[in-house]
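Hi,

Here is the structure I said I would pass on. Have a look at it first, and my notes on what turned up follow below.

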Amino acid sequence: MPTDLEPVATVDITDCVCPMTFVKIKVAMDELAGGAILAVRLNDGEPVQNLPRSLKDEGHKVLRLLDNQDGTYGLLVKKSEEA
Amino acid sequence: MDVDYKALKNGGFMRQKQKDRFSLRLKVVGGNLTAKQLMVIATAAENYGAGHVHLTSRQGVEIPFVKLEDVENVKAFLASGGVSTGVCGARVRTVTACQGSDICPSGCVDALSLAQDISQRYFGRTLPHKFKFGVTGCLNNCLKAEENDLGVKGGYLIDWDSSDCFFCGVCVKACRVGALSRGQRQIYLDRQKCVNCGRCVKACPTNSWRGRPGYLVSFGGSFGNRIAQGRPIFAITEDREAVLKAADAALDFFTAHGQAGERFRTTIDRVGWEPLTKAVEAALAN
Ligand code: SF4
Ligand code: SF4
Ligand code: SF4
C-alpha cells in the first residue's frame with residue numbers, strides 16, 4: 001500500500017486525443033525526478049482503458065485511479081526510478 | 001497421352017488458363033520459409049516459371065507458368081532444396097499462423113509451433129471438402145481464427161489474488177467488456193462476460209491478476225462463397241493436447257457425416273451442432 005500519494009505535478013489531457021495524450025504525459029514526466037508522483041486528468045473511454053497500461057509498460061507505477069464522477073478520471077502515477 | 005489434371009491439382013499443380021501451364025503451390029506452414037528455401041524457390045521461378053511468385057491469401061507461395069513437361073523436374077529441384085509441393089482439392093490445406101509468443105510482444109501462445117504440429121498431423125488428409133486450420137497467438141486475432149474450419153486463438157485463464165491489490169480500479173477500466181467491477185475492497189469477475197483477453201493482467205500495477213496461457217478453439221468458420229464465423233464448443237483450455245483431440249474429433253465427424261463437396265460448416269448445419277459437440281466432448285473426456 002503506497003503511503004505518500006501527494007503529486008508534485010498535474011497534467012490535464014482531457015482536451016487532447018491519442019497519440020497526443022501520451023506525448024503530453026511523457027513531456028510532463030520528463031520534468032519530474034524518478035520516484036515523483038504525477039497526477040493525470042483523463043477522459044473515460046479509450047484513454048482510461050489504455051493509458052494506465054501504457055504507463056506501466058514504460059516502467060512507471062500506477063498508484064490510483066479516481067473516478068471524478070464527471071466523465072473524467074484522476075490517475076496517480078509514480079515515475080520510474082530508472083528514468 | 002491423357003493428362004490427369006485432377007491428380008496434378010491434388011499435388012499442388014493448379015491448372016492455368018494458358019494451355020498446359022500450372023501455378024505450382026508450395027508447402028508452407030505458418031507463413032515461415034528459411035532464406036535458403038526462398039532462394040531455391042526464386043531459382044525455380046526463374047528456371048521453370050515466368051520469373052515471379054504469387055503470395056496467396058493464406059500464407060502460401062505459388063510459382064505460376066510451370067510447364068507440363070517440367071512437373072517432375074521442378075518437384076525434384078525444389079525437394080533438393082528442402083521445399084515441398086503443396087496440396088489442393090478436398091483435403092487439409094495450408095495451416096496458417098502468426099509468429100505468436102516466440103516473437104510477438106502481445107503473443108500469448110506459441111502459434112507457430114502449434115501450427116507445425118497440426119500440419120504434421122493432418123496436412124493433406126483427404127476429407128469431403130477442403131479444410132482450413134489457422135492459429136493466432138492472442139485475442140488481437142491477426143490470423144483471423146474464426147474464418148477457418150478449425151481456428152485456434154491464444155487467450156488467458158485469469159485469477160485474482162487479493163493480497164497485493166490496492167483497489168486502484170485500473171483493471172476494471174482496462175476491461176473492454178465490463179467483466180470486472182469494484183466493490184468495497186473487492187474486485188468481482190463475471191466469468192460469463194470475460195473473453196480471456198488478458199488486458200487486466202497487463203494493466204494491473206501490482207500483478208494481482210495472474211494469467212495462464214490457454215487455447216480458444218472455434219469450429220465451422222468459412223470465408224469464401226459462404227461467409228460464416230467459427231464458433232466455440234468448449235471453454236478455453238490450458239491443455240495443448242486437448243486442442244489436437246478436439247481437432248481429431250472434428251475431422252472424424254466431418255469424414256463420417258460430410259457429403260462430398262460440402263464444407264464443414266454446411267455439414268454441421270445439416271447434422272446439427274449437438275452431435276458435433278457430443279463428439280468433441282467425448283474426445284476431450286478421453
Ligand atoms: S495475433 Fe497476437 S500474437 Fe499473433 S501477431 Fe497478432 S498480436 Fe501478435
Ligand atoms: S489493477 Fe490490480 S491493483 Fe488495481 S484494482 Fe485491479 S487487481 Fe487491484
Ligand atoms: S481477461 Fe479481458 S475480458 Fe477477462 S476480465 Fe480481464 S480484461 Fe476483462
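**Chain B overall**

In chain B, 65% of the contacts with a separation of 6 or more are between residues 24 or more positions apart. Keep in mind as you read on that this is a predicted model. The C-alpha trace of chain B spans about 80 × 45 × 30 Å along its principal axes, and its secondary structure comes to 9 helices and 13 strands. Of its 286 residues, 51% count as buried.

One buried residue I looked at is Asn148(B), with a relative accessible area of 3%. You'll find Asn148(B) in the loop between strand E6 (133-136) and strand E7 (150-160) of chain B. Which residues is Asn148(B) in contact with, leaving aside its neighbours within four places in sequence? The list is Arg58(B), Thr96(B), Lys132(B), Phe133(B), Gly134(B), Leu143(B), Gly220(B) and Gly221(B).

**The two ligands**

Ligand 3 is surrounded by 13 residues, with Cys175(B), Cys194(B), Cys197(B), Gly198(B) and Cys200(B) the closest. By class, the shell around ligand 3 divides into 10 nonpolar, 2 polar and 1 charged.

**Where chain A meets chain B**

The contact between the chains takes 17 residues from chain A and 17 residues from chain B. Together the two chains bury about 1400 Å², and 51% of that is on carbon and sulfur atoms. On the chain A side, Gln49(A), Arg53(A) and Lys56(A) lose the most area to chain B, together 42% of what that side buries.

How many salt bridges are there between chain A and chain B? The count is 1: Lys173(B) pairs with Asp44(A), and their closest N and O atoms are 3.2 Å apart. There are also 7 residue pairs in polar contact between the two chains, counting pairs with both residues at pLDDT 80 or more.

As for the elements on the chain A side, helix H2 (46-57), strand E3 (61-67) and strand E4 (72-78) of chain A each give two or more residues. H2(A) gives the most, with 7 residues. By class, the residues on that side divide into 9 nonpolar, 2 polar and 6 charged.

**Salt bridges**

Over all chains, the structure holds 19 salt bridges.

Arg240(B) and Asp117(B) meet in a salt bridge at 2.4 Å, N to O. This pair links distant parts of the chain, 123 residues apart: Arg240(B) is in helix H7 (residues 240-257) of chain B and Asp117(B) in helix H4 (residues 111-122) of chain B. Arg240(B) counts as partly exposed at 25% relative accessibility, and Asp117(B) is partly exposed too, at 33%.

Glu238(B) and Arg212(B) form another salt bridge, at 2.6 Å from N to O. Glu238(B) lies in the loop between strand E13 (231-232) and H7 of chain B, while Arg212(B) is in strand E10 (residues 209-219) of chain B, so the pair ties together parts that are 26 residues apart in sequence. Glu238(B) is partly exposed at 43% relative accessibility, as is Arg212(B) at 35%. Both belong to a network of salt bridges that links Asp159(B), Arg191(B), Arg212(B) and Glu238(B).

Then there is Lys19(B) with Asp20(B), whose side chains meet at 3.6 Å, N to O. Is Lys19(B) buried or exposed? Lys19(B) is exposed, with a relative accessible area of 68%, whereas Asp20(B) is partly exposed at 22%.

Asp20(B) sits in the loop between strand E1 (13-15) and strand E2 (21-25) of chain B.

Phe65(B) is not a glycine either, yet has a positive phi of about 70 degrees. Phe65(B) lies in strand E4 (residues 61-67) of chain B and is partly exposed, with a relative accessible area of 29%.

Over in chain A, the peptide bond from Cys18(A) to Pro19(A) is cis, with omega near 5 degrees. Pro19(A) is in the loop between strand E1 (9-12) and helix H1 (20-30) of chain A.

Cheers

Technical notes
Residues are numbered from 1 along each chain as its sequence is written. Chains are lettered from A and ligands numbered from 1 in the order in which they are written. Side-chain values use heavy atoms; hydrogens and water are left out. A residue is near a molecule or strand if one of its heavy atoms lies within 4 Å of it. Ala, Val, Leu, Ile, Met, Phe, Trp, Tyr, Cys and Pro count as nonpolar, Asp, Glu, Lys and Arg as charged, and the others, Gly among them, as polar. Contact means heavy atoms within 4.5 Å. Buried area is the accessible area (1.4 Å probe) that two parts lose on being put together, summed over both. A salt bridge is a side-chain nitrogen of Lys or Arg within 4 Å of a carboxyl oxygen of Asp or Glu. A polar contact is a pair of N or O atoms within 3.5 Å; within protein, one must be able to donate a hydrogen and the other to accept it, and residues adjacent in sequence count only if both atoms are side-chain atoms. Helices (H or I, at least four residues) and strands (E, at least two) are DSSP runs, numbered from the N terminus. Buried means under 20% relative accessible area, exposed over 50%, partly exposed in between (1.4 Å probe, protein chains only).
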